[in-house]
Structures are given as structure tokens and as C-alpha cells.
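Good morning, colleagues. I would ask you to look at the sequence and the structure together while I speak.

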Amino acid sequence: MTDPTESARDDLAFVRALMSESGQVQDSLGQALLAAGLSYGVQCLIQAFLATGIEVPVAVHLTVGILPTVIFLVAIIRITVRERGSSKHSVGTRAINAAFGGGGLAAMTTALIFGFLAFRTQNMGTWLLHPIMICVVQGTIWYIAHAVRRRGLYGLVSAGWFATALVLAALLGMGGPIPVFLLVLAAALLGLMALPGYILMRTAQRQA
């Protein structure tokens with residue numbers, strides 16, 4: 001029979017591991033979120049302007065479409081190289097990292113799926129389902145982070161992403177203007193990704 005005292009100690013040790021968080025890990029996650037939110041948020045703002053019908057060279061559209069991803073990948077590579085060889089992460093940190101990593105994989109996979117379907121059907125509305133799905137995934141990721149860390153900020157961010165998904169779906173369903181759709185998405189990326197990333201980064205740096 002299991003010793004209740006030993007079991008209680010094991011449970012306490014697990015909870016402590018779950019709730020502990022390296023400042024460097026929080027700093028790195030914050031930097032990654034800030035880079036992604038700024039890169040893609042500004043991209044959506046520019047695309048909203050271009051979607052009004054203004055005529056610009058094709059090179060501008062290509063630059064707006066590709067450059068944010070290049071900037072984000074450079075930031076991620078830099079963060080990954082810096083973290084190499086760092087100390088082991090806690091159970092909670094690994095859980096949250098896995099959630100964000102899984103969200104990134106989901107984003108890339110669904111981008112290929114919706115991109116292919118939009119190309120085959122020549123329907124822009126099909127592609128616009130992708131950012132809605134990304135908002136739902138982000139809401140789920142932040143809910144997991146809230147469940148692990150029990151921090152109000154994470155819960156608010158999660159609710160914000162779910163609300164954004166509903167607003168975008170309503171705009172798409174009612175045939176709302178594309179620029180408005182992109183502006184709402186830009187606001188979410190800047191306010192629900194870049195801003196929380198900055199807060200995480202600054203909090204970790206103050207605790208260092």
C-alpha cells in the first residue's frame with residue numbers, strides 16, 4: 001500500500017515543478033510572441049491598406065507577403081540558438097512550450113490546407129477561414145497556459161482570441177469589407193500576441 005505521506009510529498013513536488021518557471025524561458029517566449037505579433041500585425045495593417053484598391057507594384061505585395069515571415073524566422077533562430085544548453089525546464093514550462101509549439105505546427109499545416117483549397121476553388125473566402133482557425137488555436141493555447149499557471153492575464157488573452165475568432169467569422173459570414181477583417185486581425189495580433197509577449201519579456205527581465 002502506498003504511504004499517504006510519501007504520496008503527499010510527491011504531489012507537492014509535482015505541483016512545485018508545474019508552477020516553477022525559468023525567467024529565461026519566460027523572456028524567450030515573450031520575445032517570440034512579440035516578434036510574431038509585430039511582424040504579422042504590421043503585415044495585416046499594410047494589407048488592409050492595400051486591400052482598399054490602391055495600385056502598387058507587384059514587388060510591394062510580394063515584400064509584404066514574405067518579409068514578415070523572414071523577420072520572424074530570424075528572431076526564432078536567434079532565440080533557439082541562445083537557449084541551447086540552458087538548464088532543464090519544469091513540467092509546466094514544457095507543457096506550455098509544447099502547446100505553443102503545437103500551435104505553430106497547426107498554423108503551418110492549416111496554411112497549406114486552406115491555401116491549396118483556396119487555389120483550387122479560386123475562393124478567397126476559403127483562405128480567410130485560416131486566420132479564424134488560428135485565433136481559435138491561440139485561444140486554446142492561452143487557455144492551457146492559464147490552466148497551468150493560473151494567471152489572469154493568460155485567461156484574458158485566451159478570451160480575447162476566442163472573441164476575435166467570433167468577430168472575424170461574423171464579418172466573413174456577412175460579407176464584411178476585407179480591410180475591416182484585416183484591421184480586426186491586426187488588432188488581435190498586436191494586442192493579444194505582441195503586447196502579452198512584451199509583458200512577459202519585461203516581467204522576466206525585471207526578475208532577473
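Let me begin with a definition: helices (H or I, at least four residues) and strands (E, at least two) are DSSP runs, numbered from the N terminus. In that numbering, I71 sits in helix α3, residues 58-83.

This is a predicted model, in which local features need pLDDT of at least 70 and side-chain atom pairs count only at pLDDT 80 or more, while totals for chains, interfaces and linings use all residues. Residues are numbered from 1 along each chain as its sequence is written, and side-chain values use heavy atoms, with hydrogens and water left out.

I turn to the overall picture. The protein has seven helices and zero strands, and its elements from the N terminus on read α-α-α-α-α-α-α. Of its 208 residues, 35% are buried, where buried means under 20% relative accessible area, exposed means over 50%, and partly exposed lies in between, with a 1.4 Å probe and protein chains only. The accessible surface comes to about 12,000 Å², and carbon and sulfur atoms account for 70% of that surface. These areas come from the Shrake-Rupley method with a 1.4 Å probe; for residues, only the protein chains shown count as cover. A contact means heavy atoms within 4.5 Å. Among contacts between residues at least 6 apart in sequence, 77% join residues at least 24 apart.

Let us return to I71 in helix α3.

F114 lies in helix α4 and counts as buried, because its relative accessibility is 17%. Which residues does F114 contact, leaving aside its neighbours within four places in sequence? They are T126, W127, L129, H130 and M133. For T126, twelve residues along the chain from F114, the C-alpha separation is 6.3 Å.

The loop between α4 (91-121) and α5 (124-149) contains Q122. Phi of Q122 is near 55°, a positive value in a residue other than glycine. Q122 counts as exposed because its relative accessibility is 62%.

How well does the length of α5 agree with expectation? The expected span of a helix is 1.5 Å times one less than its number of residues. The 26 residues of α5 should therefore span 38 Å, and its end C-alpha atoms are 39 Å apart, which agrees. After α5 comes R150, whose phi is positive, near 60°.

Within α5 lies Q138, which is buried because its relative accessible area is 10%. Setting aside residues up to four places away in sequence, Q138 touches F100, W161 and M193.

Now to helix α6, residues 152-173, which contains T164. T164 counts as buried because its relative accessibility is 10%. Beyond residues up to four places away in sequence, T164 touches C135, V184, A188 and L192. G155 lies in helix α6 as well, but G155 is partly exposed, because its relative accessible area is 24%. G155 and I144 are eleven residues apart in sequence, with their C-alpha atoms 9.0 Å apart in space.

C135 leads us to the cysteines. How many disulfides does the structure hold? It holds zero, a disulfide being a pair of cysteine sulfur atoms within 2.5 Å. C44 is in no disulfide, and the nearest cysteine sulfur, that of C135, is 9.4 Å away. C135 likewise is in no disulfide, its nearest cysteine sulfur being that of C44. C44 is buried because its relative accessible area is 5%, and C135 is buried because its value is 0%.

L29 lies in helix α2, residues 23-50, and counts as buried because its relative accessibility is 16%. L29 and G197 are 168 residues apart along the chain, yet their C-alpha atoms are separated by 7.0 Å.
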